[in-house]
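The entries below follow the order in which I checked things.

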Amino acid sequence: MDIEKARREEIRWLILRALYAARPVGTSENIIKNAIEPIILDITTIEVRQELDYLAERELITIFNKDTPVWTAKINNHGIDIVEYTVDCFLGIARPKKYW
């Protein structure tokens with residue numbers, strides 16, 4: 001298994017979960033990073049930004065203030081559906097299998 005690929009996919013899932021918890025206003029990349037650090041200890045701001053970009057390209061989130069030092073993001077309805085297991089998940093996101 002490709003460890004770097006698995007890491008990226010896990011970070012994407014954790015970002016979606018963090019933004020889901022921050023609804024309806026969204027949150028900054030710093031708070032997202034702080035939410036992920038207990039699980040992935042060595043996560044960097046660059047990794048957070050890369051995966052925020054990926055999720056924005058998939059139209060699961062919206063990124064604001066990309067031209068400022070600190071980005072902010074908000075989950076949209078498609079991202080909410082992924083987190084709530086109401087739709088199939090895209091490949092590239094490590095969403096756990098539904099067990100209930």
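Definition first: two strands pair if DSSP finds at least two bridges between them. Helices (H or I, at least four residues) and strands (E, at least two) are DSSP runs, numbered from the N terminus.

I note that this is a predicted model, where local features need pLDDT of at least 70, side-chain atom pairs count only at pLDDT 80 or more, and totals for chains, interfaces and linings use all residues. Residues are numbered from 1 along each chain as its sequence is written, and side-chain values use heavy atoms, with hydrogens and water left out.

**Entry 1: the sheet**

I looked up the strand pairs. β1 and β3 run antiparallel, joined by two bridges. S28 stands opposite T72 in β3. F64 also has T72 of β3 opposite. β2 pairs with β3 (residues 72-75) over four bridges, in the antiparallel sense.

Axes are lines fitted to C-alpha atoms, for helices over the stretch in contact, and angles run from 0 to 180 degrees between N-to-C directions.

**Entry 2: side chains in the strands**

I use buried for under 20% relative accessible area, exposed for over 50%, and partly exposed for in between (1.4 Å probe, protein chains only).

Next I checked T27, in strand β1. T27 counts as buried because its relative accessibility is 11%. Beyond its neighbours within four places in sequence, T27 contacts L19, A22, I32, W71, T72 and A73.

K66 lies in the loop between β2 and β3. Is K66 buried or partly exposed? At 45% relative accessibility, K66 counts as partly exposed. Not counting residues up to four places away in sequence, K66 touches D53 and W71.

**Entry 3: helix α2**

I listed the buried residues of α2 (residues 29-36): E29, I32, K33 and I36. Seen down the axis of α2, they fall within an arc of 100 degrees, so they line one face of the helix. The arc is that of the directions from the helix axis to the C-beta atoms. Their cover includes α1 (3-21), β1 (27-28) and α3 (45-57).

**Entry 4: helix against helix**

The axes of α1 and α3 come within 10 Å and cross at roughly 75 degrees. α1 is therefore roughly perpendicular to α3. Angles under 35 degrees count as roughly parallel, over 145 as roughly antiparallel, 65 to 115 as roughly perpendicular and the rest as oblique.

I also looked at α2 with α3. Their axes are 10 Å apart, and the helices pack at an angle of about 105 degrees. E29, I32 and K33 in α2 meet T45, V48, R49 and L52 in α3.

Key. Contact = heavy atoms within 4.5 Å.
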